[in-house]
Amino acid sequence: LSRIAYVNGRYVPHAEAAVHVEDRGYQFADGVYEVIAVHRSVLVDEKGHMDRLDWSLGELDIAWPMTPRAMGTVMGEVVRRNRIRDGIVYLQVTRGVAPRNHEFPANAEAAVVMTARRIRPFNVETNSQGIDVITVDDIRWKRCDIKTISLLPNVLMKEQAARAGAYEAWMVDGEGQVTEGTSTNAWIVTKDGDLVTRQTDNKILSGITRAAVMEAAQSAGIEFTERSFTVDEAKTAREAFLTSTTLFVKPVVRVDGEAIGNGHIGTLTARLLDLYSAHMDGQGSGKDSAA
Ligand code: PMP
């Protein structure tokens, strides 16, 4: 099976999928994106992703290139044509093609690209394996709430983590508070047992998985607090984990080389992983269309 990509209205072989050199995404990173999980052939939290895309597009003053409904149809088609049962859809919208000038072009048409690929089916057991994080200086801009394709700081920090033998880098702001991971949201269970994740503001991306986990926690009567936490709190935490579309609920067992808890997935993390698993299984049934 050869992979198929969607580029501005056409389904094309992945290997031949291309955009113009003067696409503003290429020239200025002037665009936004979403990554949506496919679980058992169903898009996970589609509405949440479309709502966040709406926010990102609005903040950059890029008009929707098609209705969210049509976007859903194309995503479904990309999933179908690539025969994805478990995988991800990558969706990117840029301001389009125009002669290279920084200011917005008068009449560029937003460009849409979608790709999809398979990933290993979600499995609670393998997802319970913990990972290492390091902490780094958050060198990003002041609009981290926009899901822009401008990811150079994230790329540099993730590379730094990889070189340190860690999976993710937790970024730390000027006040010594953890903001988030380079492609994940950060959570801890403090030494006093409080479940904590940072409040959403301009310093982090409002994760769809984060929201789903909060909603699942709420339904299960698990309390949590949205506030920032320090590196020291993270290092002395009972449990730590991160959330994202592709890592789901993933235990963090070391921060800067220091073991968290007993070095294995924590009790509450395991509970939330189970709840998130159920959330994914409930997709498309109409029972759990959480945004
Ligand atoms: N923060 C950043 C910076 C990210 O890139 C991502 C991945 N989109 C997340 C958090 C997690 O968000 P989500 O749960 O929507 O994948």
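Predicted model: local features only at pLDDT ≥ 70, side-chain atom pairs only at ≥ 80, totals over all residues.
View 1. Residues are numbered from 1 along each chain as its sequence is written. Local features need pLDDT of at least 70 and side-chain atom pairs 80 or more, while totals for chains, interfaces and linings use all residues, and side-chain values use heavy atoms, leaving out hydrogens and water.

**View 2. Side chains of E180 and T245 reach the ligand.** An N or O atom in the E180 side chain is 2.7 Å from a ligand nitrogen. Over at T245, a polar side-chain atom lies 2.6 Å from a ligand oxygen.

**View 3. The shell around the ligand.** Here 17 residues surround the ligand, with R52, K147, E180, T209 and T245 the closest (a heavy atom within 4 Å counts as near). The shell splits into three nonpolar, 11 polar and three charged residues, with Gly counted as polar and Asp, Glu, Lys and Arg as charged.

**View 4. F122 and F248 pair up.** These two rings sit edge-to-face, 4.7 Å centre to centre with 70° between the planes (pairs need centres within 6.5 Å; under 30 degrees is stacked, over 60 edge-to-face, the rest tilted). The whole structure has six aromatic pairs.

Methods
Polar contact = N/O pair within 3.5 Å; in protein donor to acceptor, adjacent residues only side chain to side chain.
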